[in-house]
Amino acid sequence: MKKYRIAILGAGNMATAMAYHLSKQKHEIILYCIEPEVEKQINSKHRNDKYLKGVTLPKTISATANLQTAVEDAQIMIVAIPSNAVLTVLRQAIPHMRSDLIIASLSKGFDVKTGQTIAMAEQAILPPSIGKRLCMLGGPAIATELVEGRPMAFVVASQDKKARQIMAHILTANQVKAAQSSDLPGVSLAAALKNAYAIALGFCDGLKYPTNTKAFVVTMAVSEMAGMMLKSGADPKSAPSLAGLGDLLVTGWSPHGRNRQYGEMLVKAKTNDPKSLGLTTVEGIAAARQGLKLSKKLGTRTPLLSAIHHGINARKDFHQPFVNYLKNIKLGDV
C-alpha cells in the first residue's frame with residue numbers, strides 16, 4: 001500500500017480515532033489542533049485524554065496549531081471539525097493546499113447560510129480542480145469502536161472515481177471496510193439528517209417505548225430521507241444504505257450518541273438548552289431546522305422531521321409533538 005502524508009483538521013473524538021486507524025497502516029498523520037493542552041499532550045505523551053481517553057497514539061501522529069504546517073505537504077486532508085466551523089477553516093486552508101490534494105469530509109450537517117449540506121458547501125468554495133475530488137465519509141462509525149478494530153464499514157462518496165477509490169483503499173484495513181458511491185449529494189444529505197432523526201429515537205428511549213416503536217420510527221425516517229433525495233436530484237438508494245439507515249441506527253441506539261441522549265433527556269427536562277443538560281454540541285437541532293426548510297423548498301412531506309423540530313423548540317413538553325405524530329400518522333400502502 002502506498003503511504004500518504006495525511007492532515008486531519010480537528011483533534012476531537014472522531015478525528016483522533018481516524019488518526020489512530022490510519023497511522024496503524026503506516027501513514028504519516030498530522031492533526032490540526034486549536035487547543036494548546038491537547039496539542040501538547042499528543043506531541044509529548046502520545047495521548048489525547050480529553051477526547052479519546054486511555055488510548056496510546058502511535059508516534060507517527062503529531063499535532064500542530066499552525067494550519068499551514070498541517071496542510072501544505074498533505075496529499076490527503078480529512079475534515080473532522082464541528083460543522084459550524086468547517087467553511088471558515090477550509091477557506092483559511094485553501095492557499096496552502098497542493099493542487100493534487102484529496103479532501104475527505106467527516107463533518108456532517110448543513111450550512112445555515114446557504115442551506116446546503118456541509119459537503120456540498122465545501123465543494124462550492126474549493127478550487128474546482130480540488131473540489132471535484134471531494135469525498136464524503138459516511139456510515140455507522142463510533143470512534144472507540146474504530147480504535148478497537150471492531151468490524152465496521154464506511155461509505156466513501158465522491159463524484160471522482162479515482163479519489164473515492166484511493167480513500168476507500170486507505171480506510172480498508174483489518175475489519176474496517178469501505179463501500180464506494182458516486183452520490184455525494186445523497187450521502188451528505190443522509191449524514192446531516194440522521195442527527196435530527198436520532199433525536200426522535202431518543203424521545204422513544206425517554207418515553208420507554210419498546211423496540212417496535214423505534215423500528216417504526218427508523219422506517220419512517222428513512223422514507224422521509226429518500227423522498228428528499230428524490231426531489232433534490234440525489235439517489236434515493238442512499239437513504240437505506242450505510243450512509244442513511246446504517247448511520248441512523250448507530251446514532252439512535254448508541255448510549256454515547258449526543259443526539260439520542262438529547263431526545264431522551266428532553267422527555268423529563270425543564271429546558272431545551274443542551275449545555276444546561278450537560279451536553280456539548282447537538283448537531284441534530286440545526287439539522288432539524290435546516291432539513292425542514294429544505295423539505296418545504298423541495299415540496300416533500302416530512303411530518304416526522306416537523307414533529308422533531310417543533311418539539312425541540314417548544315417551551316415545555318418537548319416530546320409532545322412526537323407523541324402526537326405517532327398517534328395521528330396515517331400509513332398508506334407499502
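The centres of domain 1 and domain 2, taken over C-alpha atoms, are separated by 25 Å in this predicted model. Domain 1 spans 5–182 and domain 2 spans 186–328; these bounds come from an automatic or database domain assignment. Because the model is predicted, local features need pLDDT of at least 70 and side-chain atom pairs count only at pLDDT 80 or more, while totals for chains, interfaces and linings use all residues. Residues are numbered from 1 along each chain as its sequence is written, and side-chain values use heavy atoms, with hydrogens and water left out.

Across the domain boundary, 22 residues of domain 1 are in contact with 20 residues of domain 2, contact meaning heavy atoms within 4.5 Å. The area buried between the two domains is about 1,500 Å², and carbon and sulfur atoms give 72% of this area. Buried area is the accessible area (1.4 Å probe) that two parts lose on being put together, summed over both. On the side of domain 1, K108, F110 and P140 supply 36% of the area buried against domain 2, more than any other three residues.

The structure holds eleven salt bridges, each defined as a side-chain nitrogen of Lys or Arg within 4 Å of a carboxyl oxygen of Asp or Glu. The count between domain 1 and domain 2 is one. K108 forms a salt bridge with D247, with the closest N and O atoms 2.7 Å apart.

The pockets are summarised below. On a 1 Å grid over the protein atoms alone, a pocket is an open set of points where a 1.4 Å probe fits, with protein on both sides within 12 Å along at least five of seven lines; lining residues have an atom within 4 Å of a point. Grid points are joined across faces, edges and corners, and a volume is the space filled by probe spheres set on the points.

| Pocket | Volume | Lining | Nearest the centre |
|---|---|---|---|
| Largest pocket | about 1,500 Å³ | 42 residues | G12, N13, M14, A80 and R258 |
| Second largest pocket | about 470 Å³ | 21 residues | S83, N84, F110, V112 and E283 |

The largest pocket lies between the domains, because domain 1 and domain 2 both give residues to its lining. By class, this lining has 20 nonpolar, 16 polar and six charged residues; Ala, Val, Leu, Ile, Met, Phe, Trp, Tyr, Cys and Pro count as nonpolar, Asp, Glu, Lys and Arg as charged, and the others, Gly among them, as polar.

The lining of the second largest pocket draws at least three residues from each of domain 1 and domain 2. Its largest share, five residues, comes from α13, where helices (H or I, at least four residues) are DSSP runs numbered from the N terminus. The residues of this lining divide into nine nonpolar, six polar and six charged.

Key. Helices (H or I, at least four residues) and strands (E, at least two) are DSSP runs, numbered from the N terminus.
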